[in-house]
Amino acid sequence: HAQSFVNGAIGTRLPSPSRWVDEYSADPVCAAIRAMVLDPGKICKKALEAVHYAYRHALRQTQIVIEDDILILHEPIRGSTSYTRLQIVPVGLRDILFVAFHSNPIGGHLNVYRTLHRLRMRYYWPEMYSYIKRMCHACPGCALSNPTRGTSSELIYHFPIEAPFRVLFV
């Protein structure tokens with residue numbers, strides 16, 4: 001399988017650490033999380049209302065830390081003392097990460113579950129599954145590779161072809 005060789009490979013350059021810091025300050029939820037992590041005394045019921053509910057428990061349990069100016073979620077593994085280390089993704093970088101992990105360098109567009117699996121091993125944001133599902137359904141490359149999903153008479157040739165000996169350029 002060619003996919004086994006490029007399963008972890010991505011074709012798009014990931015954002016630089018300085019871009020992550022800029023996007024954290026531009027995103028109001030991530031800026032609030034950052035302020036609470038830097039000063040745990042700010043964590044109170046009123047301050048947590050400004051944060052998405054998926055982050056509230058992690059903030060109360062001090063499972064979100066800052067490492068090299070990046071927000072990291074330490075998600076505990078059930079039945080173990082270890083955890084997974086996930087970067088919290090601000091709104092401005094979600095599209096870039098989706099494009100980077102959705103399409104392989106060999107041109108394959110992964111489905112919703114494979115894209116979610118590849119992203120979920122490294123990153124986290126609330127409602128990640130619904131975002132990836134929506135983006136996969138809106139992906140033009142996926143629409144071209146899966147003709148049963150939608151009808152597009154200009155882009156997909158249906159069989160039988162009227163002239164079987166002509167060359168089709170794709």
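So, Gln-87: buried or exposed? Its relative accessibility is 19%, and the cut-off for buried is under 20%, so Gln-87 counts as buried. Bear in mind that we're looking at a predicted model here. Gln-87 sits in strand β3, which runs over residues 83–88. And what does Gln-87 touch, once you skip residues up to four places away in sequence? You get Trp-20, then Ile-70, Leu-71 and Ile-72, and then Arg-122, Tyr-123 and Tyr-124.

Okay, on to the core. The largest nonpolar core has 35 residues, and the members that touch the most others are Ile-64 and Ile-132. Which helix gives the most to this core? That's α3, residues 28–38, with five residues. As a general point, nonpolar side chains in soluble globular proteins tend to be buried together.

Let's take Ile-64. If you leave aside its neighbours within four places in sequence, Ile-64 is in contact with Ile-33 and Val-37, with Tyr-55, Ala-58 and Leu-59, with Leu-71, Ile-72 and Leu-73, and with Ile-88.

Pair one is α6 with α8. Helix α6 covers residues 94–102, and its axis comes within 11 Å of the α8 axis, with a crossing angle of roughly 65°. Angles of 65 to 115 degrees count as roughly perpendicular, so that's what we call α6 and α8. The crossing is right-handed. From α6, the contact uses Arg-94, Asp-95, Phe-98 and His-102, and from α8 it uses Tyr-131, Ile-132, Met-135 and Cys-136. Sorted by class, that's five nonpolar residues, one polar and two charged.

Pair two is α7 with α8. Here the axes come within 9 Å and the angle is roughly 135°, so α7 and α8 are oblique to each other. This crossing is right-handed as well. Who meets whom? On the α7 side there's Val-112, Tyr-113, Thr-115, Leu-116, Leu-119 and Arg-120, and on the α8 side Met-128, Tyr-129, Ile-132, Lys-133 and Cys-136.

Leu-110 belongs to the loop between α6 and α7, and at 5% relative accessible area it's buried.

Last thing, backbone angles. Most residues other than glycine have a negative phi. Which is why I wanted to flag a couple of residues here. Thr-62 isn't a glycine, yet its phi is positive, about 50°. You'll find Thr-62 in the loop between α5 and β1, and at 59% relative accessibility it counts as exposed. Then there's Glu-127, also not a glycine, with a positive phi near 55°. Glu-127 is in the loop between β4 and α8, and its relative accessible area of 51% makes it exposed.

That's my tour, thanks.

Methods. Residues numbered from 1 in each chain as written. Predicted model: local features only at pLDDT ≥ 70, side-chain atom pairs only at ≥ 80, totals over all residues. Heavy atoms only, no water. Axes fitted to C-alpha atoms, helices over the stretch in contact; angles between N-to-C directions. Helix = DSSP H or I, 4+ residues; strand = E, 2+ residues; numbered from the N terminus. Parallel < 35°, antiparallel > 145°, perpendicular 65-115°, else oblique. Left-handed = near helix turned anticlockwise from the far one by under 90°. Contact = heavy atoms within 4.5 Å. Nonpolar A, V, L, I, M, F, W, Y, C, P; charged D, E, K, R; others polar. Core = buried A, V, L, I, M, F, W, Y, C linked by side-chain atoms within 4.5 Å. Buried < 20%, exposed > 50% of the residue type's maximum accessible area, 1.4 Å probe, protein only.
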